[in-house]
Amino acid sequence: MALAWLQHLLSHRHLSAYADGELASGLRRRVEGHLARCARCRAEVEELQATARTLSLLPQEAPPRSFALGPDQVAAPARRPPPALALRGLQAATVAFSVLLVALVAWDVAGPATSEQAAAPAGSQSAPAAAPREAPEGAGAALAATPTPAPTRPDMGLAGPQATPTPADRRRQTEEAPAAEAGEETGRSLLRIAQVAAGVAAGLAAGAWAVLAIRSRRGS
Amino acid sequence: MDDDALISRARAGDLDAFNLLVERYQGLVFNVCLRMLSDRAAAEDAAQEAFISAYRVLGRFRGGSFRAWLLRIAANLCYDEMRRWRRRPLPLEAAADLAAPAAQSPESALMRGELAGHLQRGLASLPADQRLALVLRDVQGLAYEEIAQAMACSLGTVKSRIARGRARLRDYLKAQGLLPSGAALALEEE
């Protein structure tokens, strides 16, 4: 009984495809075997076939006109490629300048920590067991080129630029600051100029892209 | 000349070759759009648009059934149009006047016209995927394999869309008194 019900469920969902002759031979034989025993499914096949026959009575209507294309209808794509190429170029430029801007800002944010760190370590005798510290992420190649062992206080678990400097360290920092600051200042202003330039370039590229995109959409 | 030869000539810029393909398939494309949209003017626009975009993207045709590829473009345009309708009121009344054109005897014209209206309303009540599968199968007589290409789906999906759409349409026709029950049909045959 349960097996017959299972057979019914398995066959039932294939009845439409069976009526269309679209079942693979193995499945078709299984459905035929079930149909021989199940009057309900036989009636269902009849109904589905009658539905398909009725639907096929829908008349094919003649198209109201010819859809053949005139030269004016196909002229559009010839004009299209250049704007498409320009659009893609401007899109790439927008992305490139935006990435550059983000990178420059990221460098700026990471910058102060690394320059302080570079200025500090000259007198680190207070920490003879100093281990070389990794340059923080985002430090530029110029800073990485002057590897300097940073002071690590053995009594503190906290290593890194956040570690509180001793009064001696602080004094040394303020003494060395003017010399370092002058170079840092020019670097800073160069960085600012580069940031503004990248920002303006990204903005211009995005603006030009938007104008072109709107115009080509209107044109099509 | 077969489709492939016309396609390669059309790709080389021969508009006349492409228009031979248009002539060959415009009846099919227009009728599929008509059954999908239940609206003559909308079907006319969709069919024309289908041929224009087919010409533009002909370079992307990768062989196989050109007819199925063309139907896929037309079907997508119909789906777009239906999406637009969802934001505006539906021209449901249109289904009623899709009666058959003049037939030989006025009586059969009336009968067929009424039946055509019922069938069109029944189709319109189905979900779009089931309607498309059923139109391609039962109205246009395509094989499942080609329907799968036209709908960009698997053979199994085609099977289930046809099965569900046909069962729903059967229920609709029975409710309208247009289809005797299966038991009666079986008796008729014996």
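Which residues touch the most other members of the largest nonpolar core? In this predicted model, the core in question has 81 residues, and those that touch the most other members are B:Phe18, B:Met36, B:Phe66 and B:Leu136. Helix α2 of chain B, which spans residues 15–37, supplies the largest share of this core with 14 residues. For B:Phe18, once its neighbours within four places in sequence are left aside, the contacts are A:Leu69 from chain A together with B:Ala10, B:Phe51, B:Ala54, B:Tyr55 and B:Leu58 from chain B.

## Chain B as a whole

Chain B has nine helices and zero strands, and its pattern, read along the sequence, is α-α-α-α-α-α-α-α-α. Of the 190 residues in chain B, 51% are buried. Where contacts in this chain link residues at least 6 apart in sequence, 61% of them join residues at least 24 apart.

## Two helix pairs

Two packed helices are described by the angle between their axes and the distance between the axes.

| Helix pair | Axes come within | Crossing angle |
|---|---|---|
| α3 (residues 40–56) and α4 (residues 66–87) of chain B | 9 Å | roughly 135° |
| α3 (residues 25–37) and α4 (residues 39–55) of chain A | 6 Å | roughly 110° |

With an angle of roughly 135°, α3(B) and α4(B) are oblique to each other, and their crossing is right-handed. On the side of α3(B), the residues that meet the partner helix are B:Ala42, B:Ala46, B:Glu49, B:Ala50, B:Phe51, B:Ser53 and B:Ala54, while α4(B) contributes B:Trp69, B:Leu70, B:Ile73, B:Ala74, B:Leu77, B:Cys78, B:Glu81 and B:Trp85. Sorted by class, this contact holds 12 nonpolar residues, one polar residue and two charged residues. Two of the residues named here for α3(B), B:Phe51 and B:Ala54, are also among the contacts of B:Phe18.

In chain A, the angle of roughly 110° makes α3(A) and α4(A) roughly perpendicular to each other. Here A:His34, A:Leu35, A:Ala36 and A:Arg37 in α3(A) meet A:Ala39, A:Cys41, A:Arg42 and A:Val45 in α4(A). The residues of this contact divide into five nonpolar, one polar and two charged.

B:Ala43 lies in helix α3 of chain B, and it counts as buried because its relative accessibility is 0%. Not counting residues up to four places away in sequence, B:Ala43 touches B:Phe30, B:Cys33, B:Leu34 and B:Leu37.

Are B:Ser38 and B:Ala152 buried or exposed? B:Ser38, placed in the loop between α2 and α3 of chain B, has a relative accessible area of 6% and is therefore buried. B:Ala152, by contrast, is exposed, with a relative accessible area of 54%, and its place is in the loop between α7 (144–151) and α8 (155–175) of chain B. Each has a positive phi although neither is glycine: phi is near 55° in B:Ser38 and near 50° in B:Ala152.

How values were computed:
Residues are numbered from 1 along each chain as its sequence is written. Chains are lettered from A and ligands numbered from 1 in the order in which they are written. This is a predicted model: local features need pLDDT of at least 70, side-chain atom pairs count only at pLDDT 80 or more; totals for chains, interfaces and linings use all residues. Side-chain values use heavy atoms; hydrogens and water are left out. Axes are lines fitted to C-alpha atoms, for helices over the stretch in contact, and angles run from 0 to 180 degrees between N-to-C directions. Helices (H or I, at least four residues) and strands (E, at least two) are DSSP runs, numbered from the N terminus. Angles under 35 degrees count as roughly parallel, over 145 as roughly antiparallel, 65 to 115 as roughly perpendicular and the rest as oblique. A crossing is left-handed if the near helix is turned anticlockwise from the far one by less than a right angle, and right-handed if clockwise. Contact means heavy atoms within 4.5 Å. Ala, Val, Leu, Ile, Met, Phe, Trp, Tyr, Cys and Pro count as nonpolar, Asp, Glu, Lys and Arg as charged, and the others, Gly among them, as polar. A nonpolar core is a set of buried Ala, Val, Leu, Ile, Met, Phe, Trp, Tyr and Cys residues joined through side-chain atoms within 4.5 Å. Buried means under 20% relative accessible area, exposed over 50%, partly exposed in between (1.4 Å probe, protein chains only).
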